[in-house]
2 protein chains.
Amino acid sequence: MTSRTILLAAASLGSLSLAAAPASADEGMWTFDGFPAEQVREAYGWAPDAAWLEKVQNSAVRLTGGCSASFVSPDGLILTNHHCVASCLFDNSNDETDYLLNGYVADRRERELKCPGQQAEVVTMITDVTDDVTGAIGTLTGEALTKARDAKIAELESAGCPDTETTRCQVVTLFGGGQYKLYTYRKYSDVRLAWAPEDRAATFGGDPDNFNFPRYSLDASFLRAYENGEPVSTPEHLTWNPRAPEEGEITFVVGNPGSTARLWTESQRAFEREVRLPVTVATMSELRGRLIRAMDESPQKAREGGDLLSGVENSLKVYIGRTGALGDPAFTATLAEAEADLKARSANDAAIGDPWAAVDQALANYRALYFPLRFTQPSSDLYSYARTLVFAAQERAKPNAERLPGFTDSALPLTEKQVLDERPVYPWLDKLTMEWSLSKAREYLGVDDPDSQLLLGKESPEQRAERLIDGSKLADPAVRKALWDGGMAAIEASDDPMIQYALALAPRQRELEQLADEQYSGPLAVAGAKLADARFAAYGDTLYPDATFTLRISYGAVKGWTQRGNEVPIHTTMGGTFDRATGNAPFDLAPAFAAKQAQIDANTTYDFVTTNDIIGGNSGSPVIDRAGTVIGAAFDGNIHSLGGNYGYDGTMNRTVAVSTAAVQEALETIYPAPALVAELGGE
Amino acid sequence: MTSRTILLAAASLGSLSLAAAPASADEGMWTFDGFPAEQVREAYGWAPDAAWLEKVQNSAVRLTGGCSASFVSPDGLILTNHHCVASCLFDNSNDETDYLLNGYVADRRERELKCPGQQAEVVTMITDVTDDVTGAIGTLTGEALTKARDAKIAELESAGCPDTETTRCQVVTLFGGGQYKLYTYRKYSDVRLAWAPEDRAATFGGDPDNFNFPRYSLDASFLRAYENGEPVSTPEHLTWNPRAPEEGEITFVVGNPGSTARLWTESQRAFEREVRLPVTVATMSELRGRLIRAMDESPQKAREGGDLLSGVENSLKVYIGRTGALGDPAFTATLAEAEADLKARSANDAAIGDPWAAVDQALANYRALYFPLRFTQPSSDLYSYARTLVFAAQERAKPNAERLPGFTDSALPLTEKQVLDERPVYPWLDKLTMEWSLSKAREYLGVDDPDSQLLLGKESPEQRAERLIDGSKLADPAVRKALWDGGMAAIEASDDPMIQYALALAPRQRELEQLADEQYSGPLAVAGAKLADARFAAYGDTLYPDATFTLRISYGAVKGWTQRGNEVPIHTTMGGTFDRATGNAPFDLAPAFAAKQAQIDANTTYDFVTTNDIIGGNSGSPVIDRAGTVIGAAFDGNIHSLGGNYGYDGTMNRTVAVSTAAVQEALETIYPAPALVAELGGE
């Protein structure tokens, strides 16, 4: 996920465009089948043609861990961010070998490191299935609607990808239900790590510098896709171009933005501002504090907790930034105007009616369900395994069309992989998160709430976490495999306390999900389709949908911005790192990086900014030039992009990328990888 | 401070009255010179007369630790809450003797425990000095205004209390500058603890039950005021009446509500919602997490961190509750209506003009200053000592009229007492808070901000905290005394790193305060006086001012409420505690309490609720019946009172008090104190 920094409370956004209206400036996370070529040509005097777009699409990789990437050699080599592979480095480390801390260079392909749970996916086809899905929905409402919709989706996905070994099908809802598209992916479920710099080289400045610019971060790494134990052949790939970006040149960022909320209604934003963001920031901040202190207890805990802490801190900055954006009256007024405009244009269309009122009602219903939904899911890796095993056993006993999303035939292979892949579980850390989540559940639900009592019985959060985690064998992948393969009989026979806990919670979780389908998701799907109709009627079809962690392309240019009267330059240089270093974490130099100071070309372009419109999920996306070559990997937004979840401001929002020039310098000088240099150079 | 519980996000307040309009129902924290006798008589068919009010005023005690209390015997015996003396118990404890955990019963007066920093104060006179202060202000604005005002206040306070040994004078600003009153107090700076139950008896249910009702808490204790080593004589005191409250009977709560914001304008509430509350909740939640985890590291840390953690958790619930209230559109709409009504009524009054616009501008200015003001004050006991010592030395060198508030002749004695009283400092805990506050400063100000660099230099928050705290001798009261007595020469000669740090920060802190006076406080004082004029013109003078931690009286009745269709009863019984206990913290029974189960009369009224309008600072306030006898000590509000900072809802807001009947049972049976029983019984 890209990360974002704290919004200054007093800051307001300059020339915010209307999200619901046609996009302007460099706004937009466009689908490939909706690429606004005319608009790009008008702005930049040139636009990619179909062949350019097709080649790029075929090179673009989605990583199931939540990131984006691209093929950069014919042998399955993948460029992405360091922070997208940190979990892989972490999972491959132990107290003796800390690949996260020290970085990793595979001196030959056989030594590339398997990444647990990671899968690489390339879109091969996009099919419009709107008529199929809306036909199945018909005039249904509530839970009947979500059931019929999900059944049709399961059917389309199964029909589209009979070979689940190498393909994955996913129906994606666009425009809140205005469109349904079937995405077919070529998938590679064996992904290995080839090269990563030291953690501090990528995270220089740490959380304080996250979402800031100027920035000095080597947030890049290389993976490789394998199949049958061999690197896959990827004749279609981007050409590696280790050059510095030029001010004003057009750039494209191709990747999978995770989610945006630009088409939300006022009541959806109100729910976010009044309910979800406050509880999220308060509870995650406490988790952050618990983690920071626990990691102080020993170097081992510092290592074992580091991956979670950086995730928590990154998310927290996003949520705090969003809180700032939704608390900025100038920003929200613009969003409200966009809604008012759409309402006015749709006022006389009887077929559209008043979907806003329906959304308002759905949100009112959701407010009553939200805390139970949120807090009846304890935070623990072992609990997550148990829950997936229990639900998988229960769901697999049903026909495909009746299963919950995530357990249909098309989704099961990835679910299975994520449950069965070997990865470490640290009991102290798992207890820490479970204690925290159970204590927050009791706090927000109330001591006397039946859900609190279901979660805790007469135990304290600490006791329950300790009993379940110390008593569980689910850290062992063989135990998980036996339970997965054994199905419901094995689950019911299990005396694992975490399995029993997951079994005990499941009925209430299902009840809540059903209530949410009935009162919230179902009505939202109906209203969403109406809102999409209204939008297309009002503004035509030159719109981009909200992000859905599916492939998008954004266009923009290499460009700084003006911050409190000062011009922020387009890039930093590697030499600047040494000026900024204080010797103290997180402004300490990575040892190998420091050792190579004399060899590093100080003028090498390090990180740079563009006006491309991206968001979390875009991390690792290639930054592509007019020639179709890759000149960087996007890894962050600037502080002004924090409101980007709700609306884009072209004067201030920036993408932050690490340049291929800097990565090349690192490959040649700091963490030498001559084989990769040759491979990237096409040798 | 009274504490408040989490506001359910979906809850909205029922019949909220208009804060700016005359108070209705049982609303109001009334000054004694503005007691609404007619209103009370209309509602309850009876109202106290002047003699009743005078007797009660003479018995009411303010505790400088932030609580309220009352004299309940002729020998200076003071009833207050347990949570108001927790710091005293804590400061008197060590690893061998934990008075907080075990409670404390002084078997004779000589063994009563001195409470560091604590002072008891009784109002003896209230003088209207509005003309003096507004005369000094004249037509001044900005910093000139605040300087002239503060100089006049210093002068009035000095003139009013030439004897600073036994009296204290304080000018209080009411109605945001509409009135200034000189409060004269008889003060008792030697306050000792006579009786306290086990901590768990008072905190049964802990943070989860805080702000909840039904409640089972023995949140009571007794202090005694001393002078010249002897208990003071207090012929005027409340009569102890250990009886159960009766449903519907009239009750009065007399105490010192800390602060309310019921007269705030929309832009003040917007600042709270958009800036102050979000940063407060996020940062305090992280502190909470750091503390919880650190206290897990050893029983010693659990003991030493406990007092801070309960304070943090209590405050956090208040701030989270306020966030909920200000995020509730129904609640805020009522507040906005009140403002619109006052504006409409004042529209044609040229003398009033547009003070709202002036407040808006002051708040806009404050937004730019707020983070620097907030974050250039590190959180550390040793730093606080250092800062006070540095400022006291600098300020005492000036004429009284030119000093900062807190350092005038009238304020210095309490400041000195708080700096010089002996109390433990725990280095690990002081480092924890300092690390936290410095790291939050860097996060919110930004790494490259000059204030961040002033606070940290090139050190990390952890390094700076460790160097300053390990290197400082300020934990020793003798060292502090030498620096206090030595004045500026001693400060400048000191090589204590914390003193040097406080000296280094002081100029920037002064600069920021000056900017705030110029751009925020000064303009607010002018606008506040205009708003008060508008209010008096529109609604007459039957109004109550916002709370200011000065003596107030509220009236109400013993009354339950309806919660989601269920009637909440007016009281709990002591026997109910045993039903609620789970054996696990914080629902574990205090050992002595548990041991006496067979002896305790299970039907004794324990805690009860009334409609009195109170807020933090009222903790420990006597609940007084029509006869003027004390039947309880207020210690909390219910969850619906969370929005009480901004407006009062008589249908839902409740005061929670511990009954004198329960305290009597505890004195007789659980923590036997026969001498106190006799003293309370008038023997």
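**How the two chains meet, and what the labels mean**

Author: Chain A and chain B of this predicted model touch through 38 residues from chain B and 38 residues from chain A. Local features here need pLDDT of at least 70, side-chain atom pairs count only at pLDDT 80 or more, and totals for chains, interfaces and linings use all residues. Residues are numbered from 1 along each chain as its sequence is written, with chains lettered from A and ligands numbered from 1 in the order in which they are written.

Reader: What makes two residues count as being in contact?

Author: Their C-beta atoms, placed from the backbone, have to lie within 7 Å. On chain B's side, H9(B) gives the most, with 15 residues.

Reader: Why is S14 of chain A called mostly covered?

Author: A residue is buried if 20 or more other C-beta atoms lie within 10 Å of its own, exposed if 12 or fewer, and partly exposed in between. Five of the six residues in S14(A), 552–557, are buried, so the strand gets that label.

Reader: How do you know that S13 and S14 of chain A pair?

Author: Pairing takes at least two DSSP bridges between two strands (a strand being a DSSP run of E, at least two residues). S13(A), residues 250–255, and S14(A) have six bridges, so they pair, in the antiparallel sense. A:Thr251 stands opposite A:Gly556.

Reader: What is the average pLDDT of chain A?

Author: Chain A averages 94, and 96% of the residues score at least 70, on a confidence scale from 0 to 100. Residues 1–22 of chain A, though, stay under 50.

Key: pLDDT = per-residue confidence, 0-100. Helix = DSSP H or I, 4+ residues; strand = E, 2+ residues; numbered from the N terminus.
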